[in-house]
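Here is a quick briefing to read alongside the model.

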Amino acid sequence: MTDILQLLVAGLATGGIYALVAVGFTLLWQTSQTINFAQGEFVMLPAFFVLIGMGYFGLAFWPAVALGGAASVVVLGLAFKKLMVDPMIRHGVLPLVIATIGLAILMKEAVREFWGADAWPFPALGATTDVTVFGAVFAVQSLLILAICIAVVVALQLFLGGTLTGRCMQATAQNPTVARLLGIRVERMILYTFLINGALVTVASLLITPIYLAKFTNGEWLGLYAFIAAIIGGFNQARGAIAGGLLLGVVDNFAAAYISSQYRTAIPLLILIVVILFRPQGMFGRIEERTV
Amino acid sequence: MRRSKFVLAFATLMLLSGAAGADVKFAYVGEISGSIAVSGGNFRDGIILAVEEINAKGGILKEKIALTLYDTQTNPGVARSQMQKAIDGDPYVILGPIFSGNVKVTMQMVRQAEIPDFIGGEAAELTTLGSPYLFRTSFGQQIGMPKIANYIRDELKAKTIALIWVNNDFGKGGRDRLIKELTARNIKLVADVSTESGQVDFAADVVKLKAANADAVFVYSNEEECARIMREARKQGLKGPFVGDTTLLSQKTIELAADAANGVVGHVGLTADAPIPAVTQFAQRFQKRFNYKPDHNGIKGYTAVYAVKYVTEKKLGKFDRKGFAKTMHGLTITPQDEPGILMETTWDGTGEIDRISFLAEVINGKQNISKVLPKLGK
């Protein structure tokens, strides 16, 4: 029983990070028809901005986090939109997708070239101690990760549903033409989405890097898992992305513990295949129809 | 007549300039990126330091060493193509790979090219595959595992072991050898958890180790994975002692695992913390040059270059690859013969290495040597 509890909490903590990254996927798709295959590298990069702040500018951890966060929002939000998405989206979704694949390779190799191929330790956000609940030992870090992920997702949902700007962003996602007719500044709403994605990947990076270490290859597997989570949950629903991420984290952990650690990476892919075959819109997604 | 004199003068000038600028080529074919870039980078930097020192003193037989680096990306397919590129460059010696899987796929190519190759791989079978041109720079698992099994039996007095290992040539070889040694000492294996190279999440694996409730936990993986395993193990409150061989106690693992590495014990073949003045001085020079402390891979790369220098200058007096390989078999080099070798080292007829080694414990983020173990040949 204690093992199951531990696996569940560890899985939810990892799944929470997948959920944050997957929500970014879905937000970008909904508002701007952007599928960003560099999303994993977007999570890898903020950690290195923080390390640069600490290593080269001599900042303490939290000031470096502030600097890294600001740099991430500007580079991964604003610059990404202005320099890549806006010029490419005119030519359709596929050229943009290919461009983001190229961007992922560029980011990964740039970090390897300028920072190095080694893994680097990264400070934890909270205490590295344990708590015991019902006989099961939980790391404070895992509980913190879960709490932060929940808080961020709740805050995002409140923002999107409870503020004027958020509702305008939702309107833009649902129908940009009508939104424009209603006087909503559509371009600005899309920009906000990119900035929010920049912030989400920064949070994910700060949560995951202390455990997995800062390394240029971190984005590969994380981007893949987050993409699978978004598909499983529903690519056009933020709720779906959250559910998909949490489910994936838990299933991955339990599969490794009770089925086979050698085939753990196959289980999420099997789930993906089943979902695509029998419910292609995802668990919580809407069926989208297009006029031909 | 004037024309022929001119041609003769020109040809002489070209020959002289060629002789004056002659370099001896070394090739490093190693893991500069990929899942064991930590090890490959250390090995490379050890080589670079040795090459710079030797070139500053005039090189080998008055020829400067020209080192070319080739990155295998910790990928066997890439390793083969990079090794072929290296061979095409006609080097005097090849250094690396470190990843045992890459050594296996490239060793026949090197053998056919008849180029001496100093490898960093530690998988037991590498020296049993019959290449007369292959030489280790650290113990094979068949040397290290008996030593650590004795430690488990005699010092830890453990009757049961939970083993977690990386599923590659290095990990499989070590696992198989360890099981053999444990069985011979009536120590039971109660958990046998395989993990993947480059794996980042070990939560489920640590749960399995906890469930085994063993007297000790043996961790056998690459440096980054060892660090992640230790962090997860401490996170989940897995009780030790944690035992390993070289990689678990390496400098990079300690750096990455931070406090999670404290209390780890094990056997180390090479360490910058060895109580040997030559090793300490090497570590200081390495730290000054590269701004980080070397691990055992740095020592491996460094001593390999000096072994080449010693054999070429003192034993052969010329650049002769076949003669080099023949001379290496059965050779012992002492620090008196060549200070760059740091510790007395012997190679046998299969290219297997023998030196003193150490038992160590990590205390407050530092590797502390608790015992020096003699060479097997003494």
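**Quick tour of the model**

Ile287(A) is exposed, at a relative accessible area of 63%. You'll find Ile287(A) in the segment after α11 (266–278) of chain A. Its C-alpha is 9.5 Å from that of Gly234(A), although 53 residues separate Ile287(A) from Gly234(A) in sequence. Keep in mind that this is a predicted model.

**Where chain A meets chain B**

- On contacts, 30 residues of chain A touch 30 residues of chain B.
- Together the two chains bury about 2,500 Å², and carbon and sulfur atoms account for 49% of that.
- Tyr212(A), Leu213(A) and Ser261(A) bring in 18% of the area that chain A buries against chain B, more than any other three residues.
- Eight residue pairs, both at pLDDT 80 or more, are in polar contact between chain A and chain B.
- On the side of chain A that touches chain B, the elements giving two or more residues are α1 (2–32), β2 (136–139), α8 (186–212) and α10 (238–258) of chain A.
- The largest share of that side of chain A comes from α1(A), with five residues.

**Salt bridges across the interface**

- Between chain A and chain B, the salt-bridge count is two.
- Lys215(A) pairs with Glu224(B) in a salt bridge, and their closest N and O atoms are 2.9 Å apart.
- There's also a salt-bridge network that links Glu109(A), Arg112(A) and Asp71(B).

**Salt bridges within the chains**

- Over all chains, the salt-bridge count comes to 26.
- In chain A, the side chains of Lys108(A) and Glu220(A) form a salt bridge, at 2.5 Å from N to O.
- Lys108(A) sits in helix α4 (residues 93–114) of chain A and Glu220(A) in helix α9 (residues 218–233) of chain A, so this pair ties together parts 112 residues apart in sequence.
- Over in chain B, Lys371(B) and Glu155(B) make a salt bridge whose closest N and O atoms are 4.0 Å apart.
- That pair links distant parts of the chain, 216 residues apart, with Lys371(B) in strand β15 (residues 366–373) of chain B and Glu155(B) in helix α5 (residues 141–156) of chain B.
- Lys371(B) counts as partly exposed at 41% relative accessibility, and Glu155(B) is partly exposed too, with a relative accessible area of 48%.
- Arg185(B) and Glu181(B) form another salt bridge, with the closest N and O atoms 2.8 Å apart.
- Both Arg185(B) and Glu181(B) are buried.

- Ile52(A), Tyr56(A), Phe57(A), Leu59(A) and Leu67(A) make a nonpolar surface patch of about 500 Å².
- Phe57(A), one of the patch residues, lies in the loop between α2 (39–55) and α3 (61–89) of chain A.
- Phe57(A) is exposed, with a relative accessible area of 57%.

**Backbone spots worth a look**

- As background, most residues other than glycine have a negative phi, and most peptide bonds are trans.
- The peptide bond from Gly96(B) to Pro97(B) is cis, with omega near 0°.
- Pro97(B) is in the loop between β3 (93–95) and α4 (100–113) of chain B.
- Gly240(B) and Pro241(B) are also joined by a cis peptide bond, with omega about 5°.
- Pro241(B) is in the loop between α8 (223–235) and β9 (242–245) of chain B.
- Gln33(A) isn't a glycine, yet has a positive phi, near 55°.
- Gln33(A) lies in the loop between α1 and α2 of chain A and is partly exposed at 30% relative accessibility.
- In chain B, Asn213(B) is a residue other than glycine with a positive phi, near 55°.
- Asn213(B) lies in the loop between α7 (203–212) and β8 (216–220) of chain B and is exposed, with a relative accessible area of 66%.

Key:
Residues are numbered from 1 along each chain as its sequence is written. Chains are lettered from A and ligands numbered from 1 in the order in which they are written. This is a predicted model: local features need pLDDT of at least 70, side-chain atom pairs count only at pLDDT 80 or more; totals for chains, interfaces and linings use all residues. Side-chain values use heavy atoms; hydrogens and water are left out. Patches are made of residues with over 30% relative accessible area and no salt bridge: like charges are joined within 9 Å, nonpolar side chains (Val, Leu, Ile, Met, Phe, Trp, Tyr) within 5 Å. Accessible areas come from the Shrake-Rupley method with a 1.4 Å probe; for residues, only the protein chains shown count as cover. Helices (H or I, at least four residues) and strands (E, at least two) are DSSP runs, numbered from the N terminus. Buried means under 20% relative accessible area, exposed over 50%, partly exposed in between (1.4 Å probe, protein chains only). Contact means heavy atoms within 4.5 Å. Buried area is the accessible area (1.4 Å probe) that two parts lose on being put together, summed over both. A polar contact is a pair of N or O atoms within 3.5 Å; within protein, one must be able to donate a hydrogen and the other to accept it, and residues adjacent in sequence count only if both atoms are side-chain atoms.
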